[in-house]
Amino acid sequence: MKVAVLGANGQLGSDVCAAFVRNADDVTALTHACVELTSATSVDAALSVANPEFIVNTAAMHHVEKCEADPAAAFAANALGAKNVADWAKKADAVVVYLSTDYVFDGKKNSPYHESDVTSPLNAYGITKLAGEHYTAALCPKYFVLRVSAIYGLQPCRDKGGLNFVELMLKLSRERDKLRVVDDEFVTPTPTVQIAEQLVALSRSKQYGLYHGTAEGSCSWYEFAHEIFQVTGTTVQLERAEPGEFPTKVQRPKYSVLENGALKRAQMNLFSDWRLGLQDYLRARVKADAPKIY
Ligand SMILES: NC(=O)c1ccc[n+]([C@@H]2O[C@H](COP(=O)([O-])OP(=O)(O)OC[C@H]3O[C@@H](n4cnc5c(N)ncnc54)[C@H](OP(=O)(O)O)[C@@H]3O)[C@@H](O)[C@H]2O)c1
């Protein structure tokens, strides 16, 4: 299969390229240097040369504070970018995948969100990603929208300046004796390698539509940090932060756990428990000699 990956040198895009290459697909890796998502002309030119049957759009502006400060730029990348890709895919009769986020929800539920739950994003990032979902679904009949959450991988997260949560905790534990971490925000940490394998499985299916795609289970950021230190045998005094101790300028959902209901109904769910995903990541980072920070 001819596959094009947008955001190919990103945290997720790198693993997506590797997974399709392992699967012996013909992969065109499109970085920001090759294509400007916000320009229909640029998207058209890059995709016309690659001529893919299956497009994975991981590219985004997703630094939450930067999106809030410049919503027009966020809308251009996350929504109009998705439109440009979906327009090309429709013309070419190709399949498009749009990577979306748990931040399309407001976090007021306290049980996992289903694909059928009402969206209500709290910030510009979530609003623009939701618009990207709508453009993708409305414009291209052969589409997948995959909502992911709290992702981490061996390649640096480019928009967030490099360090994922695991690497940040390990770095801070080397620098400080004591760490305080929020215990009132619940997510499902999901390794990018698992998302990449799930995308390969979706590429073999014609069951188009909206999917939640995260690891199984959930935890607070404090519980995630606790597990990281336990598995790595790191000695550091870890404490639960008080609610509101680390105020942020931008509102985020307090609970954004997703249920992979549609993947399970289609018998395609490949995700493991988040703890197993973390163990695999920690083993892989030792082999890879830890992620590079830039
Ligand atoms: N990180 C998370 O925790 C998280 C959680 C939920 C959902 N997601 C979603 O998952 C996806 C992948 O995230 P990630 O962590 O892999 O991000 P990342 O490491 O920041 O990679 C994003 C990629 O998109 C490229 N890009 C940005 N703007 C572009 C534009 N206008 N035109 C073309 N390319 C552009 C970036 O290139 P440059 O860096 O060269 O600009 C980079 O290669 C995103 O869609 C994000 O919304 C992420």
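This is a predicted model: local features need pLDDT of at least 70, side-chain atom pairs count only at pLDDT 80 or more; totals for chains, interfaces and linings use all residues.
Local features were considered at pLDDT of at least 70 and side-chain atom pairs only at pLDDT 80 or more, whereas totals for chains, interfaces and linings use all residues. Residues are numbered from 1 along each chain as its sequence is written, and side-chain values use heavy atoms, with hydrogens and water left out.

The structure contains 19 salt bridges, a salt bridge being a side-chain nitrogen of Lys or Arg within 4 Å of a carboxyl oxygen of Asp or Glu. One of these joins the side chains of R252 and E65, at 3.0 Å from N to O. This pair connects distant parts of the chain, 187 residues apart: R252 is in the loop between β12 (237–241) and α9 (261–265), and E65 is in helix α3 (residues 64–69). Helices (H or I, at least four residues) and strands (E, at least two) are DSSP runs, numbered from the N terminus. E65 counts as partly exposed because its relative accessibility is 28%; the term covers values between buried (under 20% relative accessible area) and exposed (over 50%), with a 1.4 Å probe and protein chains only.

A salt bridge is also formed by the side chains of E133 and R147, at 2.7 Å from N to O. E133 belongs to helix α5 (residues 124–139) and R147 to strand β5 (residues 143–148), so the pair ties together parts 14 residues apart in sequence. Both E133 and R147 are buried.

In the salt bridge between E259 and K264, the closest N and O atoms are 3.0 Å apart. E259 is partly exposed, at 23% relative accessibility, and K264 is likewise partly exposed, at 34%. Finally, a network of salt bridges links R180, E239 and E245.
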